[in-house]
Amino acid sequence: MSRHQDLPIRKKLSRVILLTCTIVLLMACASLAAYEVFDFRRAIARDSTVLAEILGKNTRAALAFEDDVAAQEMLNALQAEPHVVSAGLYNREGGLFVHYIRSQTSITLPAHPEGDGHRFENGELLVFRPVVLRGKRIGTIYLQVDLAVINSRLWLFGAIAGIILIIALLVALVLSHRLQRPITDPLLALADTAQVIAQRKDYSVRAIKQGNDEIGTLTDAFNAMVTGIQERESALHAEIAERKLAEHRVQAQLARLDQLHQITRATGERQDLRSIFQVVVRSLEDHLPVDFCCMCLYDEAGHTLTVTSVGVNSESLAAELALTENSTIPIDQNGLSRCVRGELVYEPRIADVYFPFPQRLARGGLNALVAAPLLIESKVFGVLIAARRQSASFSSGECEFLKQLSEHVALAAHQAQLYGALQQAYDDLRQSQQTILQQERLRALGQMASGIAHDINNAISPVTLYTESLLDTEPNLSPRARDYLTTIQHAMEDVAQTVSRMREFYRQREPQLSLLPVDLNRLVDQVLNLTRVRWSDMPLQNGVVIELQTELAQALPSILGIESEIREALTNLIFNAVDAMPNGGTLTLRTRINANSTQVQVEIIDTGIGMNDDTRRRCLEPFFTTKGERGTGLGLAMVYGTLQRHGAEIEIDSTLGRGTTMRLLFPVPSATPATPVVISSAPATSRLRLLIIDDDPLIIRSLSNALESEGHDVCAASGGQAGIDAFIKAQNTNLLFDIVITDLGMPYVDGRKVSAAIKAASPRTPVILLTGWGERMTAEGDIPPHVDQVLSKPPKLRELRSSFVHLLNGAPPRSSSPGTDNPLAP
Amino acid sequence: MLCLVCGLLWFTASPPLVAAPSAPAREYQVKAVFLFNFLQFVEWPATVFPDQNSPIRIGVLGDDPFGSALEEAVRDEAINHRRLIVNRSHRVEDLRDCQLVFISKSENRRIDAILPLLNSHPVLTVSEVEGFARHGGVIAFYQDGKKVRFEINIGTAQRLGLKMSSELLRLGKIVGQESLTGDFSK
């Protein structure tokens, strides 16, 4: 079937016509043949019946008289009829009487006759007819007729039909070939045209119309279609060209985007401006590419540009144009001024621009220039300059690219700046975090120290009291005893000072210190004497010699300060210097004044092991020590605190293995204040009746003894409640106490309750609160109500005397008088 | 005298005759049918029959060899709407009306006498006497092997006014009149 469809239309038409002819002819022949067969059979049946009738008539007598010879004779006459294959004559009873069989055939006749009539069977006709004599049946005649003749007739007929068919087909072939041309020729012409168009893609070809039938209409439609295709194709070509152009642009844009991306990434990885610029310049030179590229920073004040980065390939040209790194370009009234106002400047032909900078570039053979501003928050901080030798060689896409690139670079630069600022902020934050941490440490230490101080103050109270009492009240002391007692008194004062300073770690000292003039030369001498054991005796025991040098400046002005603190600081520094010289060396102490007499310097110089940078940086931190278990890490920290309180500075010069110089720089006060009058001994008051309340028997005893030796009448009570009871009891007996001295911290009933009870009973009786916490109380303004005076432990007779005078003279100070030498209890 | 002789003959021939009435021999059954058939192939002049419905009479002259066979052969038969009647007699006069007369062998000796009597009008004479046809009879049976055949003397038949069918003539053996006397007398 598909083969049929592939055939040319001519053959198809011919086939259709021939097939139609063939079918029609065959149908005609077949119907004729069928009629022929039918007619022949009818004729032969009739003929045979007639023959049988005749035979019956001719043989009926023979049959009647059973004359088989005669009957046989009759039948044998059938030899003249070649179609008759066999014949039989049956008698009345149905028995075969005589029969005839055509020669050379072997046929058996039916044993008995069948019903009258004829039938066709196996290509033969069987006829049975009755043999009648005078209207009476006397037998049956049988004929078997061969129909082969019909077949031969059919063959003949078929042969004739075949010949007719062939002739008819030939005629049809010729006719169809001639007659189909009006249909096929235009169609083939149309097909040829279509093929020509398809092969050559030439849509200008048109088919030729040959008539106004359907094919003509088809040709018109085809031509209209080709016209449409032609128009659409030309439109398509135009569009494709346009799209290719657009695609090309997009590709270029994408390439630049990619480059932008790479540059952006590269700059993003860098944190400093210079390397960011370098990356940009290199990338532009290599990939855009440009012949000259540099980055400039804008100096707004000077109205100049400073070249900061020049591309590797641009360097020779830059040297030629005097545009090397760090060279400056004045901004003239050309593109650069527009650029620093934030515009992208593109000069396609700089030779035409009569301004110095473009002319400079033009002299280097450059012709096209792009200057892109670098903006941070709409402020120009730099300019990107790119140039090419070929004039007008920057496309709008490239300009746009450079503009975007400059924005990215500016952003990266901004980020680098932000990063720097962030880093700075982070460092500051870490610094303050460490300070806070340090303060927190000190606060904890202070709290601990406060407790320790309280206990120490209590413990040394008897020593202080007895020593002072002995020195004041025993005129007959041997000079040696007096000397010893004085030393003890100094040592105790130092202990008390030390203890009080321990608490200073956690709390800024009030600025208004009671600073006193201090002679540093004298103090150095004192300290050297105090520490002699340490720098001389102890090393000598180990065979180590430390040589001491003192270079004390003459006429050194006094400074304002706290002698004990400075002494402590110097002691600490001397100890450190000795510790730094385990194998001996030279210890030098030097005082001097600077050129304009504004600073007094004290230098403690050793020739010891020295410090590395890290140690030097951290040595002032609290708890930082290089001495292992031996050191507390507080020495230098306390020194530093002391110096800060005095408004002094410290300089540390140290070289590892060469030694360390600690230089203390004290400011010289503009005018030395008058030395206040030190009340060495308060005017003795009259004999007073005193009540002492404390839970510490040692204190009660020492204080009682001391005050009794002053001539006072002292009554002591152990504990708060006992004190109140004693006061009430005395009041009831009209023996009023003049002054009550009570401890603050006592079990059950503390100093506050005691003073409140006493004021309730006798509002006019002064109450002195004696406390190991006194420093803190006064510092924090925490003087409890009902208390007239707070004195800190260890109590000093001088202070007590002075307080007695003030309290009884009706002008009771709320705190320690400024006249005392206790600088820590303002 | 004749009767005596006949009776004597009859006696001598009695054994087969005795059996005849009950079971006629095959030969006579065939001959009975032949007699009937002859009637169908022979036409008599119309004058023979008094009217349209006059029966055809078959006469058996002499001793009847057929027994019942003849009656059986003609039973329920009719030719040209004429019934068939069998008459038997020893006397020629009795059989004058018959259209066919079978002359039995018993009349062998009287043939010459009988024939002139019968041949005076159209009567089909049949006999099994040898040479009967050549000697004035019309049809004579004879044995051809086992078969029964017959001779026809067409001259006699024509003379008697009998029309013999060609079919019958084709089957029979045609003989001529040799001499009316001669053999019979011998």
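This is a predicted model: local features need pLDDT of at least 70, side-chain atom pairs count only at pLDDT 80 or more; totals for chains, interfaces and linings use all residues.

Q: Which residues make the contact between α5(A) and α6(A)?

A: From α5(A) come A:Pro186, A:Leu187, A:Leu190 and A:Ile197, while α6(A) contributes A:Ile215, A:Leu218, A:Thr219, A:Phe222 and A:Val226. Sorted by class, the residues of this contact are eight nonpolar, one polar and no charged.

Q: How should I read the burial of residues in a helix, for example in α13(A)?

A: A residue is buried if 20 or more other C-beta atoms lie within 10 Å of its own. In helix α13 (residues 520-530) of chain A, the residues A:Leu520, A:Leu523, A:Val524 and A:Val527 are buried. These residues lie on the same side of α13(A), because they cover an arc of only 100 degrees around the axis.

Q: Against which elements do the buried residues of α13(A) pack?

A: Their partners in chain A are the strands β12 (516-518), β13 (546-552), β14 (559-561), β15 (585-593) and β16 (599-605), together with helix α15 (563-579).

Q: How do strands β1 and β2 of chain A pair?

A: In a regular strand the side chains alternate between the two faces of the sheet. Here, strand β1 (residues 84-91) and strand β2 (residues 96-101) of chain A pair in the antiparallel sense over five bridges. A:Tyr90 stands opposite A:Leu96 in β2(A). The two strands, β1(A) and β2(A), form a hairpin with four residues between them, and in the turn A:Gly94 has a positive phi of about 100 degrees.

Q: How many helices and strands does chain A have, and what share of its residues is buried?

A: Chain A has 22 helices and 23 strands. Of its 826 residues, 32% count as buried. Among the contacts in chain A with a separation of 6 or more, 64% are between residues 24 or more positions apart.

Q: How many residues of chain B are in contact with chain A?

A: Nine residues of chain B are in contact with eight residues of chain A. On the chain B side, α3 (26-41) and α7 (166-171) each supply at least two residues. The residues of that side comprise five nonpolar, two polar and two charged.

Terms used:
Residues are numbered from 1 along each chain as its sequence is written. Chains are lettered from A and ligands numbered from 1 in the order in which they are written. A residue is buried if 20 or more other C-beta atoms lie within 10 Å of its own, exposed if 12 or fewer, and partly exposed in between; C-beta atoms are placed from the backbone. Two residues are in contact if their C-beta atoms, placed from the backbone, lie within 7 Å. Two strands pair if DSSP finds at least two bridges between them. Ala, Val, Leu, Ile, Met, Phe, Trp, Tyr, Cys and Pro count as nonpolar, Asp, Glu, Lys and Arg as charged, and the others, Gly among them, as polar. The arc is that of the directions from the helix axis to the C-beta atoms.
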